Amino acid sequence: MDAFTALCVELLSPLGPVRTRSMFGGQGVYIDGLFAALIDDGQLFLKADEATREHFVAAGCLPFTYPTKDGERMVMSYYRPPEEALESPPLLLPWARLACGAA
């Protein structure tokens, strides 16, 4: 496990057991059994849904995107938390709770 993934696991662990699984060149992050986040290219992305997406958008959080075979960008329902949220569990946990609710 790389250092960034280990940091994310540590930050998210107050919500329950955290495990990661390799997928599509990144990591799927499961919190208490829920697929609630992705790690890709050294970035954490938290799951959002119709009820939680606006919280992420209002905070200026960017969505996870990837290029398709035809050169377009596919936008997924996962968003980066605010940068300062990665500095401590108390800052990240409200965002992670939204992700668990969406999962």
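Lys47 is buried (under 20% relative accessible area, with exposed over 50% and partly exposed in between, for a 1.4 Å probe and protein chains only), yet this residue has no salt bridge, and Asp49, its nearest side chain of opposite charge, is 7.4 Å away. A salt bridge here requires a side-chain nitrogen of Lys or Arg within 4 Å of a carboxyl oxygen of Asp or Glu; Lys and Arg count as positive and Asp and Glu as negative, while His and the chain ends are not counted. The model is predicted, with local features needing pLDDT of at least 70 and side-chain atom pairs pLDDT 80 or more, whereas totals for chains, interfaces and linings use all residues. Residues are numbered from 1 along each chain as its sequence is written, and side-chain values use heavy atoms, leaving out hydrogens and water.

Lys47 is found in strand β4; strands (E, at least two residues) and helices (H or I, at least four) are DSSP runs numbered from the N terminus. Leaving aside neighbours within four places in sequence, Lys47 is in contact (heavy atoms within 4.5 Å) with residues including Phe35, Phe56, Tyr78 and Leu98. Leu46 touches Phe56, Tyr78, Tyr79, Leu92 and Trp95, among others, not counting residues up to four places away in sequence.

Turning to the cores, a nonpolar core is a set of buried Ala, Val, Leu, Ile, Met, Phe, Trp, Tyr and Cys residues joined through side-chain atoms within 4.5 Å. The largest has 25 residues, of which Leu12, Val29, Ile31, Leu44, Leu46, Phe56 and Leu92 touch the most other members. Two or more residues each come from α1 (3-12), β2 (26-31), β3, β4 (43-47) and α3 (89-102), and α3 gives the most, with six residues. Another core, of six residues, lies apart from it and includes Met23, Tyr30, Leu38 and Tyr78.

As for the rings, six aromatic pairs are found in the whole structure. Rings of Phe, Tyr and Trp (its six-membered ring) pair if their centres lie within 6.5 Å, and planes under 30 degrees apart count as stacked, over 60 as edge-to-face and the rest as tilted. Phe35 and Tyr78 form a tilted pair, 6.0 Å centre to centre with 50° between the planes. Phe35 lies in strand β3 (residues 34-40) and Tyr78 in strand β6 (residues 73-79), so this pair ties together parts 43 residues apart in sequence. Phe35 is partly exposed at 26% relative accessible area, whereas Tyr78 counts as buried at 6%. Tyr30, Phe35 and Tyr78 form one aromatic cluster.
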